[in-house]
Amino acid sequence: MSATEPEETPGDGPVLDPTRAGRQFSASEFGRSWGSLVGIGLFALVLLVVAPALLSDFRLNNLGKYCCWAIVAVGIGLAWGRGGMLVMGQGVFFALGAYAMAMHLTLESGGPDSIPVFMILYDPLAPLPAFWEPFRSGAFTIIAVVVAPVVVAGVLGFAIFKRRVKGAYFAILSQALAVALAYLIGGTIKLTGGDTGLSDFKFFFGYDLNDPANKRFIYTIVAGLLVVCLLVAWQLYRSRFGELLVATRDAEERVRFLGHDPANIKLVAFVVAAVMASIGGALFVPIAGIISPKEIGAAASIFMLAGAAFGGRASLFGPVLGALLLGYGRSTLSESIQDGWIYVLALLFIFVTLLLPAGIASLPGRINNYVASKRAPSQRGTA
Amino acid sequence: MESLIAPFLNGTADGALLLIAALGLALTFGQMGVINMAHGEFLLAGAVCAYWTQQVVSNTDLSILIALPVAFLVAGALGLLLEVTIIQWMYDRPLDTLLATVGVSLALQQIFLQKYPSGVPVEKPSLLDGQLDIFGYAWPLRQVFTIVLALACLAGLGAMLKYTSFGRRIRATVQNRALAETLGVATRNVDRITFFVGSGLAGVGGVAASLIGGTNSQLGTRYIILAFLVVVAGGLGQLRGAVIAAWTVGVVTAYLADWTTGSLAQVITFVLVVIFLQVKPQGLFTVRTRGLA
């Protein structure tokens, strides 16, 4: 097998249109991109106004959890759907945000100068590990949630993309990192809580986490950030950068011959996706109330990917809707049929990749085409 | 640990197991370019076959010998089924084979988990109960058996690729599919049989795995990523590269586990392989092509 990937089939998201080179005004293009903005507005209305009005505290909190996965999925849509990088290890960046937040919440719940309970259990006299210390500060935590993934994804991505590692190699490499990190956290029980993870958070930046009103407000923050991420993705997709990214996905060598460095283009998309995963992870912690290696390992990373694959990775709304639906499916189906949920997920993977590679977002277009193809011959027949 | 050589020997045995898993992948991934994430679950199928034959044949020595071909056939048949139902539609979409087979792997794992929630208890054969005394370390014969098995698989596969007409057809199809077809090679049949053999090897590896450690639903997950890394690090489609990489990974992990802890050793090995791939992205041995990048 040669290292170059076969070009993606057309119909898998927007294809470069040579006539757009001069950025001339086009009515249909205008409608398409601003239509998406209207879509985001409607989506924001549903998430921020309708859902809180209709749902109970418990359901709203669950929806918040799905929104965290949806934030990760927006990033996956950018990196994988538009950039062609199959990021199978987003759990790594999810973990960066989640553990930063969890460490802060653990320290905060214990009060000033406290040492986490699980550490005292192992060694009552152990000092707080040095890398925990800065997370006493809420400001540092918030900065870390954004900066840590930028640094990690930046260094990783730079090394990987400059060496022109791509396709399946990239996918396996990124999955290996998620597996390794899950092992690492599971194995360093005295430093990170190990496989049990971190839980029992009482306060969120000074506010009581047991107060349902506060929980509802955290949901609003999550939903708001999801909308912001969608806006960022929308702007990126319609920018020059978005076009270059799609061009890199479809014909990396041609982009290189045109004088751009594909590695830099991919790097930006990879870093943005990592930051989104980290934000999703950070907000997951106060909502779910626990973070453990189970939430970041290989299976969890694949679950994050499944949402984008199912919804339609190259479209703007596909990954979000896919992630929300899968999150809902995971919690409701795993309650009612338990083990059956795994089969549903497995079948979804198989059938979506086999029959609907562009996800449910491509369904309307497909139905339109189907209807048109049915109608066209019959019209000709009656005429 | 009682001796310096113990991790070396244990690591060699673990590397041998990894090699059997990687050999199958070298065929399906290295030669055909198909990323079969369910390959690890074919190991699991092999372990189940070892358990089944023990239910029928009570002599543990005999049953293991019978289990080897049975596991090869069963895992091979599973692979063939996978090829015919799913993979054959996706040869031009390698990343999609990855996703679809992730689904298959999830389902197979869950089936195993429901049927055997606590894993399959494979009895160790009495003939392999003994130990070999090497520099004062009592080396379990079971590990020696794994190494012998890995070498046999390697020799068999290498000889098949090099000397048989079928092996020639595989290599021809890999190097230039269109030309091979022009010369009358039925490339679709070659695909299917290659997949059968590659998956069957995983079954054989599963039998060996069931002798060494416990067999639970996570068996496949434990080996699959490392096996993929071994194949990539060795150089795609290069058997000698896979041998060196698997052996190195096995021994290095064993020594690291001795010095630190088991899970930390896994992490360091992963990171080392990833760093190695930064230095040599094409692996140890490369087939030079004129393709870009």
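This is a predicted model: local features need pLDDT of at least 70, side-chain atom pairs count only at pLDDT 80 or more; totals for chains, interfaces and linings use all residues.

Student: How is helix 12 of chain A oriented to helix 13 of chain A: roughly parallel, roughly antiparallel, roughly perpendicular or oblique?

Tutor: The axes of helix 12 of chain A and helix 13 of chain A lie 7 Å apart, and the helices pack at an angle of about 125°. Angles of 65 to 115 degrees count as roughly perpendicular and those over 145 as roughly antiparallel. The angle therefore makes helix 12 of chain A, relative to helix 13 of chain A, oblique.

Student: Is the crossing of helix 6 of chain A and helix 11 of chain B left-handed or right-handed?

Tutor: The two axes come within 8 Å and cross at roughly 155°. Because angles over 145 degrees count as roughly antiparallel, that term applies to helix 6 of chain A and helix 11 of chain B. Their crossing is left-handed.

Student: Which helix gives the most to the lining of the largest cavity?

Tutor: The largest cavity has a volume of about 70 Å³. Its lining has 9 nonpolar, 3 polar and no charged residues. Helix 3, helix 5 and helix 6 of chain A each supply at least two of the lining residues. The most, 4 residues, come from helix 6 of chain A.

Student: Where does the largest share of the lining of the second largest cavity come from?

Tutor: The second largest cavity, of about 60 Å³, is lined by residues including Ala306(A), Phe310(A), Leu326(A) and Leu345(A). At least two lining residues come from each of helix 12 and helix 14 of chain A. The largest share, 5 residues, is that of helix 14 of chain A.

Student: How many nonpolar residues are in the lining of the second largest pocket?

Tutor: The second largest pocket holds about 1,600 Å³ of space. It is lined by 47 residues, and those closest to its centre include Lys294(A) and Gln218(B). Of the lining residues, 17 are polar and 9 charged, and the nonpolar count is 21.

Note on methods. Residues are numbered from 1 along each chain as its sequence is written. Chains are lettered from A and ligands numbered from 1 in the order in which they are written. Side-chain values use heavy atoms; hydrogens and water are left out. On a 1 Å grid over the protein atoms alone, a cavity is a set of points where a 1.4 Å probe fits but cannot get out, and a pocket is an open set with protein on both sides within 12 Å along at least five of seven lines; lining residues have an atom within 4 Å of a point. Grid points are joined across faces, edges and corners, and a volume is the space filled by probe spheres set on the points. Ala, Val, Leu, Ile, Met, Phe, Trp, Tyr, Cys and Pro count as nonpolar, Asp, Glu, Lys and Arg as charged, and the others, Gly among them, as polar. Axes are lines fitted to C-alpha atoms, for helices over the stretch in contact, and angles run from 0 to 180 degrees between N-to-C directions. Angles under 35 degrees count as roughly parallel, over 145 as roughly antiparallel, 65 to 115 as roughly perpendicular and the rest as oblique. A crossing is left-handed if the near helix is turned anticlockwise from the far one by less than a right angle, and right-handed if clockwise.
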